[in-house]
Amino acid sequence: MSFPPFSIGRFYSVMRGWGLVFLSLLLIGGMTALFLRHGLLGVFEADVPPVERLVIPRVIFTPEHVTLQVFNDGPESVTVAQVVVNEALWRFTMTPTTTLPPLHSGRIELFYPWTEGDPLSLRLISRNGIVAERDVDIAFLTPTVDALHLRTFMLLGLYVGVIPVLLGLLWFPMLRRMRREFYSHLLALTVGLLAFLGFDTFAEGLTLISDVPGAFNGEMLLVGGIFLAIISLGVVSHRMEHLVVEEEHLRSLAWGYLIALGIGIHNLGEGLAIGSAYAIGEIALGGSLVIGFMLHNLTEGVAIVAPLTRASSGGIRFVRHLLAMGLLAGGPTIIGTLLGGFAYSPVLGVLFLGIGTGAIFDVTFDILHHMAGGRWKSLFSGGNVLGFLLGLLLMYGTGFLVLR
Amino acid sequence: MRRILPIFCTLLLVGCASVEALRAVPKGSHTGAHLRNPLQLFQTAQEELGVTGEYQTTDFDPLRFLTTWNFNNLPPEERAKVYTEKRLADGKKLREYRFSIEDREIEVAPGLFYPAWTYNGQVPGPTIRATEGDTVRIHFTNTGTKPHTMHFHGFHAAAMDGSAPEHLVLPGVTFTYEFTAGPFGTHLYHCHSYPVSHHIARGLYGAFIIDPRNDTRPKPDREFVMVMNGFDTDFDGENDIYAVNTRAFAYAKSPIPVRVGEKMRIHLSNLLEFDLLNSFHLHANFFDLYRTGTRREPDAFTDILSMAQGERAILETQFSSPGMYMFHAHVGEFSELGWMGMFHVTE
């Protein structure tokens, strides 16, 4: 390889290119310095109160004691001067100091005789009189990591997630004996179930965004999660392409796994929601809630097996696949419940709900794409539409049982 | 490399997530090493009501304010600049004051500052005291940024009312209020510029005491000026801090020292904005109540008094045994947000 001959013209043009870049940086730096020193036309020098935004992402209750996690979500430092609990000034200690720079976290400790089950209103008054508020609907002893709570959350995840999904798998033999023509209707049913799940997850993510401090940009977390899931699953299926080719039963198996993965991530989000709701006393773990979830998630198991009717002829290997899918779909509920119960973070919550949404929609689109076979209008056959609506209805109906 | 990267990224993500999750997990017990039994726990929790930290500024002394009127807290040269009195022919006095406006930040709770509009740099404004029949002349210079006035609760001519649009004193202008002090009693003054609620809420008010001409009342051993007020620090139309004489819990932190048997006369007024009613309750003791202080006979003998904004009274009492005696609004919310103090009674 030979280099182009050196010429003064080329040297000059390269230098000029870099020189201009350097000049632009210099000018920006100079303007910034001038701006900071003198202010641009004095426009920004108005005597306005500072923009302060403190948020309280988490309130932890221990006997006669309340701990607040505090985060400075605004552009300026905030000094917490006084704390008001239920309309009474209350002594507090704050770590590391009472002044929080932007994007920094702190902890406020209060000895307060809170009453279990009562609401609690918290107000932090800054040095400048600006108030950051947080209302707790129900004061509830925050679960600590001990045997009782570990067992509670894991059982919760098991009952709500793993068992219903595995039970749903039992529909497989019945579905398999249905006529071949009904296969596409089954797929449509699956699409209906998944579409509902996808939007349900998305809606939960949307409501959770309000708990995310603005600096973390909850909306982008949700959207980012969706794209992350779609891209990751896309990469996975792209890699698997050379395995699957056109073999129907292998593709159906792959779908089963992908659906299970999508549902698994969705259930992670669901577990997060349940665990965190329990940790703040928002739900009582009554029998009705658990039963409701079981029925609701049973349909998720159905969604996994529905496309599998053409997968294989059965046998122990297939059953092992089914079990794996069941665990893949249901297992994350346990992880989610543990996370939500012990280490709730709205940032993680929104991210995972976004990922769950993306995963479900990715799989849904995959199935639709195959069903269409290039002719998208053909999707709207009577049987398909009925199947889709039935899927939506099933999810919607069992949703009534999950009262929370 | 292509195979390792996704696995590496996944592990990194999981690692970060678990570190973050573990950090967020609450530790077993937060109740503090020094607490052992549940009863101690309860006692400590209940005691934590109050403000955190100490007052940082010394420009206003609530204890000194109790006994300050006619600028008697200032050294003579300073005092002469803002207050002079001259004896007139018939034994009455001409009292001349210089009042001005200062926009300044005041400390209403430790570390908590409020952007107040003040008379002469303090909230409540300086206490004016005269004898019935005296001529009161106040040179009011508006050195603030908005139109202000002084409106007195007492006898005066209509032109001295300080309330009509034509009475507004614009920034930079000086207006002289003049009237004959009357009737005797405990009164007050405040700004009547518009909106009045905002000008009062911002701190433009003060006490105005008129003693009777031939005062046959037994002379009290101690006299205190108390102005009940509050501050809406976040400007949402509700008070966030309540107090007597501006600083929340000031007299709880520094109790008012009194001796057993000392006759106390409290000149109490209510300048609380946004709340319909305020109250004053004294522990372990009852007081003679002279509503507005305008009668020589007490109106009641009680331990609690309700007041609307603009009402005031004279309370007379004395303590018969030593100890700490609380006084506070008998509106729970007000007292727990700062309107609570103590008398420290000694032999």
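Student: At what angle do helix α2 (residues 147–169) of chain A and helix α8 (residues 316–342) of chain A pack, and how far apart are their axes?

Tutor: Please keep in mind from the start that this is a predicted model. Two packed helices are described by the angle between their axes and by the distance between those axes, and that is how we shall read each pair here.

For your pair, α2(A) and α8(A), the packing angle is about 155° and the axes lie 8 Å apart. Angles over 145 degrees count as roughly antiparallel, and α2(A) and α8(A) are therefore roughly antiparallel to each other. The crossing in which α2(A) passes α8(A) is right-handed, and the residues that make up this contact divide into 17 nonpolar, 9 polar and no charged.

A second pair in chain A is formed by helix α4 (residues 182–209) and helix α9 (residues 346–372), whose axes come within 8 Å and cross at roughly 160°. That angle makes α4(A) roughly antiparallel to α9(A), while the handedness of their crossing is left-handed. Sorted by class, the contact of α4(A) with α9(A) has 19 nonpolar, 9 polar and 1 charged residues.

Helix α4(A) also meets helix α10 (residues 382–401) of chain A, and here the axes come within 7 Å and cross at roughly 40°. Because of that angle, α4(A) is oblique to α10(A), and α4(A) passes α10(A) in a right-handed crossing. If you want to find this contact in the picture, look on the α4(A) side for residues including A:S184, A:H185, A:A188 and A:L189, and on the α10(A) side for residues including A:G383, A:N384, A:G387 and A:F388. Further along the two helices, the residues that take part include A:F196 and A:L197 in α4(A), and A:M395 and A:Y396 in α10(A). By class, the contact of α4(A) with α10(A) has 13 nonpolar, 7 polar and no charged residues.

The size of an interface is often given as the accessible area lost when the parts come together. Chain A and chain B bury about 3,200 Å² between them, and 58% of that area is on carbon and sulfur atoms. Within chain A, the residues that lose the most area to chain B are A:L89, A:R91 and A:F111, which together account for 22% of what that side buries. Counted by residues, 35 of chain A are in contact with 38 of chain B.

Side chains of opposite charge can pair when their charged atoms come close. Between chain A and chain B the count is 3 salt bridges, and A:R127 forms a salt bridge with B:E105, with the closest N and O atoms 3.0 Å apart. Over all chains, the structure holds 26 salt bridges. Another salt bridge joins the side chains of A:E133 and A:R123, at 3.2 Å from N to O. Since A:E133 lies in strand β9 (residues 131–136) of chain A and A:R123 in strand β8 (residues 120–126) of chain A, this pair ties together parts that are 10 residues apart in sequence.

Finally, some details of the backbone deserve a careful look. Most residues other than glycine have a negative phi, and most peptide bonds are trans. In chain A, a cis peptide bond joins A:T95 and A:P96, with omega about -10°, and A:P96 lies in the loop between β5 (93–95) and β6 (99–100) of that chain. In chain B, the peptide bond from B:Y194 to B:P195 is cis, with omega near -5°, and B:P195 is found in the loop between β8 (185–190) and α5 (196–201) of chain B. As for phi, B:N120 has a positive value near 55°, and B:N120 is in the loop between β3 (112–119) and β4 (125–131) of chain B. The phi of B:F274 is positive, near 75°, and B:F274 sits in the loop between β13 (264–270) and β14 (278–282) of chain B.

Technical notes. Residues are numbered from 1 along each chain as its sequence is written. Chains are lettered from A and ligands numbered from 1 in the order in which they are written. This is a predicted model: local features need pLDDT of at least 70, side-chain atom pairs count only at pLDDT 80 or more; totals for chains, interfaces and linings use all residues. Side-chain values use heavy atoms; hydrogens and water are left out. Axes are lines fitted to C-alpha atoms, for helices over the stretch in contact, and angles run from 0 to 180 degrees between N-to-C directions. Helices (H or I, at least four residues) and strands (E, at least two) are DSSP runs, numbered from the N terminus. Angles under 35 degrees count as roughly parallel, over 145 as roughly antiparallel, 65 to 115 as roughly perpendicular and the rest as oblique. A crossing is left-handed if the near helix is turned anticlockwise from the far one by less than a right angle, and right-handed if clockwise. Ala, Val, Leu, Ile, Met, Phe, Trp, Tyr, Cys and Pro count as nonpolar, Asp, Glu, Lys and Arg as charged, and the others, Gly among them, as polar. Contact means heavy atoms within 4.5 Å. Buried area is the accessible area (1.4 Å probe) that two parts lose on being put together, summed over both. A salt bridge is a side-chain nitrogen of Lys or Arg within 4 Å of a carboxyl oxygen of Asp or Glu.
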